[in-house]
Amino acid sequence: MDMDLILDEEQIEFQQTFRKFCEQEIAPLADCIEAEGIQNEVYRKLGSAGYLGLLHPEQYGGQGASFLTAVLAQSALAYHCGSTFFSSGASAGLAGLPISHFGSEEQKARFLPGLISGQSVGCLAVTESGSGSDVASIATTLKRQPAGLLLNGNKAYITNAPNADFALVLARYCRDGQIPSGASGLTLCIVDLHSAGVSRGQPLKKMGLRGSPTGELFFDNVEIPEANILGRPGAGFRQTMKAFDWERLSMGAYCLGVMEACLDESRSFAKKRKSFGRAISRHQSVAFMLADIKTRLEASRLMLFETAWLFDRAGGSGKLEHNGEILELSARASELKLMTSQYARECTNLAVQIHGGAGYMEEYRVSRLYRDIKISEIGGGTSEIQKQIIARAETRRSAAV
């Protein structure tokens, strides 16, 4: 199958329609979201616009759209409000997609319609205070008792923890009193966060994305129905890694949206701001910074679109043949995240520099973009973890030649 980077008419129309929606419904709320946090109304607006259901089956209220179509919408939302992008993605994406792909029909029917419509909010709870990128070292346990399953442990730095209705929790499944080590036994289970034994920490104060709440979850002998295990016991590690692949693809879309905002804000400012009798855009030093932003933006756009296209073509498989080579999609998603997060950080730095002293002021949008973008090099696996994934894939590929 040949790749055509020209969007079809349906995708172009959708992109234009959703951008207009974001301009009218999200952009005017961005300052309020930054100051007070994302409100339930925003989730419902995104649900009505079809955004939350893009990658979910139509039978549960979703759109059944392609990954390429999804990243078009994600970058548009990220352009207008990073906090909204992250909280909605944590709900419909990180929590919703594993249920959509690995859940039972009963689980899908029970949880997906609410997530897709924006009536309920979800989160994925993996990280702990003592384990971040090392997912296999988590300590939260899901123990089988005569009366059922009991969940004990805590999770840290969880997007939507302060306001979510339920969490998809990664825990170590223990049978017969034995606690398995490593990735063995890791299991995802759906937890009603209003259940007895569940408590939440105060929303954490963050450098950026202040409108997207982040916090801790604590589980003290929380009773979990057997029917709330996702897939089967022990399948959680593979399911979580798949969720991270989807997250890294969407992180590329976030970075693209931020770079587009940087270019627009900087270009507009550089045309209006004068120095030594002429617009600063006509000074070579500023013009070159604009050129650097544009170049990083276009390189990122091409890699994002091709990676989304590869995900669509793979049809759920972790590998596919492309241009005569076997590609590992996990590694490709890591390459995308590594490159776009670095480029986006560089672009926000350039945007602030173009604005000069004004860029250091909260009233200018580039200040927020600068603060917000750092998470792209941390969330979904740090840049160093992405390099490890890429390097391991290259080692396997060279050994197979």
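These are numbered notes on a predicted model, taken point by point.

1. Basis. The model is predicted, so local features need pLDDT of at least 70 and side-chain atom pairs count only at pLDDT 80 or more, while totals for chains, interfaces and linings use all residues. Residues are numbered from 1 along each chain as its sequence is written, and side-chain values use heavy atoms, with hydrogens and water left out.

2. Overall form. The protein has 11 helices and 11 strands (DSSP runs, H or I of at least four residues for helices and E of at least two for strands, numbered from the N terminus). Its radius of gyration is 22 Å, close to the 21 Å that the globule rule gives for 401 residues, so the protein is as compact as a globular protein of that length (C-alpha atoms; the rule is 2.2 Å times the number of residues to the power 0.38). Along the principal axes, the C-alpha atoms fill a box of roughly 80 × 55 × 40 Å.

3. Of the 401 residues, 53% are buried (under 20% relative accessible area; exposed is over 50%, partly exposed in between; 1.4 Å probe, protein chains only). Among contacts with a separation of 6 or more, 75% come from residues 24 or more positions apart (contact means heavy atoms within 4.5 Å).

4. Aromatic pairs. The structure holds 10 aromatic pairs (rings of Phe, Tyr and Trp, the last by its six-membered ring, with centres within 6.5 Å; planes under 30 degrees apart are stacked, over 60 edge-to-face, the rest tilted). Phe-18 and Tyr-51 are stacked, because their ring centres are 5.2 Å apart and their planes are at 10 degrees. This pair links distant parts of the chain: Phe-18 is in helix α1 (residues 9–26) and Tyr-51, 33 residues apart from it, is in the loop between α3 (40–48) and α4 (67–80). Both Phe-18 and Tyr-51 are buried. Together with Phe-14 and Phe-21, they form one aromatic cluster.

5. A second pair. Phe-86 and Tyr-254 are edge-to-face, at 4.8 Å centre to centre with 80 degrees between the planes. Phe-86 belongs to helix α5 (residues 82–102) and Tyr-254 to helix α7 (residues 236–272), 168 residues apart. Phe-86 is buried at 13% relative accessible area, and Tyr-254 is buried at 1%.

6. Positive phi. Most residues other than glycine have a negative phi. Phe-276 has phi near 55 degrees; Phe-276 lies in the loop between β8 (274–275) and β9 (278–279) and is exposed at 81%. Asn-323 has a positive phi of about 55 degrees; Asn-323 sits in the loop between β10 (319–322) and β11 (325–328) and is exposed at 69%.
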